[in-house]
Amino acid sequence: MTIDITGLAPERIVFDISPLAELGVALHALSEPGHHPGLHGWATATAAGLKPDLADRLHEADFLWRSTFSDIFMPFAGLPADPGRIGASLKEELDLLDRLDDERFVSSALEFTCASTYSTGAPSPLVDAARRAHALDLAANRGPRQLDFTRRLLADPASVRAWLRRLFEDCEDAFFADTWGRVSTQLAADARHKTELMRRKGLGEALRAVSPALSLDEGGTVISADKLADGRTTATDPAFGAGLTLLPSSFGWPHLMVVHAPGWQPVIQYPIGAPELPGAASVELLKLRMDALAHPMRMRLSRNLGRAAYTTSELADSLGISAPEVSRHLAVLKKAKLVSTRRRGRYVLHQLDVTAVARLGSDFLETVLR
């Protein structure tokens, strides 16, 4: 996933904080606690404290934050304004949300129905019969409440927009005001730190501090996000207002969200306070490791190499295959950085990196959810 920043002035790249965006990932953590093992205590206590009516309404609209992160949580990016023009409070951000036109609002609310066309754009379900039918069909797969919500949204966007605003305001009263009061200081400190880092050492260094999954090309014109998703956007659309906003999140890990819809300013929402995992795996390396370990003979090799160091000839004798065949399998495991090699006298010994293999579970989860 790439963001073109060719010619973008440094002052148009902004680190900021957003209460509405943080509410979005907090609601996701409530709906999918399995994605966020470090938040189990918060999620359990918060869910237990919700009044039944509020819990029911959250369930009704949960596709806004459960399977996708709807762009309605970042309305400032959908309005032609300066980057970083984010409301200082949830109320101010909900005022920005009210300024989105109905077509843009409905398309964003039904983002889960347009995964294949998100980065290229598609007609709003409000004006396109085929998109409308597709949205209703996918909503029906989610459940009767989600289908009813979608029908109401398509039939009367204004009333649903008012309903949704009340829902977010009730969330603030029920739990989010306390939550935001607790995390906003940390988020603001991170945004200030990244801003200063960018000023002193440049954007590339700041992006590396944001996430190992972000990088800047040698020319300083393209930001890449290493995600299991394809997409491209530009931060230099003069018709809309050039800019890029980066938002820290206390609830986001392991997700790294990138707003890249046409007509929206790009936004990167990144997690802070993530578990200390050394050398987070790239998508490419994860694929190499999964492929390497999927082969039955390499699984048998791993069984031996996980217990002790072996020479190629010892492995050939143990597994009943030729030394050249062992070497070919070892080459695949080495390319995936799963096997280390050391010399002892005239012998070359190979051994499985048990730590790397043990991390595959967390690497896989972090990569696919990133």
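A search of the whole structure, which is a predicted model, finds 8 aromatic pairs. One of them joins Phe-73 and Phe-168: the ring centres lie 5.4 Å apart and the planes meet at 40°, so this pair is classed as tilted. Phe-73 belongs to the loop between α3 (52-60) and α4 (90-99), whereas Phe-168 belongs to helix α8, so the pair ties together parts of the chain that are 95 residues apart in sequence.

The charged end of Arg-152 sits over the ring of Trp-163, 5.5 Å from the ring centre. Arg-161, in turn, lies over the face of Phe-105, with 4.4 Å to the centre of that ring.

When neighbours within four places in sequence are left aside, Phe-168 is in contact with Leu-20, Leu-23, Leu-27, Trp-65, Ile-72, Phe-73, Leu-90, Leu-94 and Leu-97. In soluble globular proteins, nonpolar side chains tend to be buried together. Here the largest nonpolar core has 87 residues, and Leu-27 and Phe-168 are those with the most contacts inside it. Helix α8 (residues 157-201) gives the most to this core, contributing 14 residues. Apart from it lies another core, of 19 residues, among them Leu-301, Leu-315, Val-339 and Ala-356.

As for its setting, 13 of the 13 residues of α1 are buried, so the helix is largely enclosed by the rest of the structure.

Helix α8 also contains Ala-162.

A second example comes from strand β9 (residues 339-344), where Thr-341 is placed. Thr-341 counts as partly exposed, at 41% relative accessibility. Its contacts, leaving aside neighbours within four places in sequence, are with Lys-334, Val-348, Leu-349 and His-350. Thr-341 and Ala-309 are 32 residues apart in sequence, and 8.7 Å apart in space from C-alpha to C-alpha.

These local features can now be set within the whole chain. The chain is divided into domain 1 (2-271) and domain 2 (283-369), and the centres of these domains, taken over C-alpha atoms, are separated by 40 Å. There are 15 helices and 10 strands in the chain. Along its principal axes, the C-alpha trace spans about 75 × 50 × 40 Å. Of the 370 residues, 50% count as buried. Among contacts with a separation of 6 or more, 70% are accounted for by residues 24 or more positions apart.

Notes. Residues numbered from 1 in each chain as written. Predicted model: local features only at pLDDT ≥ 70, side-chain atom pairs only at ≥ 80, totals over all residues. Heavy atoms only, no water. Core = buried A, V, L, I, M, F, W, Y, C linked by side-chain atoms within 4.5 Å. Buried < 20%, exposed > 50% of the residue type's maximum accessible area, 1.4 Å probe, protein only. Helix = DSSP H or I, 4+ residues; strand = E, 2+ residues; numbered from the N terminus. Contact = heavy atoms within 4.5 Å. Phe/Tyr/Trp six-rings, centres within 6.5 Å; stacked < 30°, edge-to-face > 60°. Lys NZ or Arg CZ within 6 Å of the ring centre and 35° of its normal. Domains from an automatic or database assignment.
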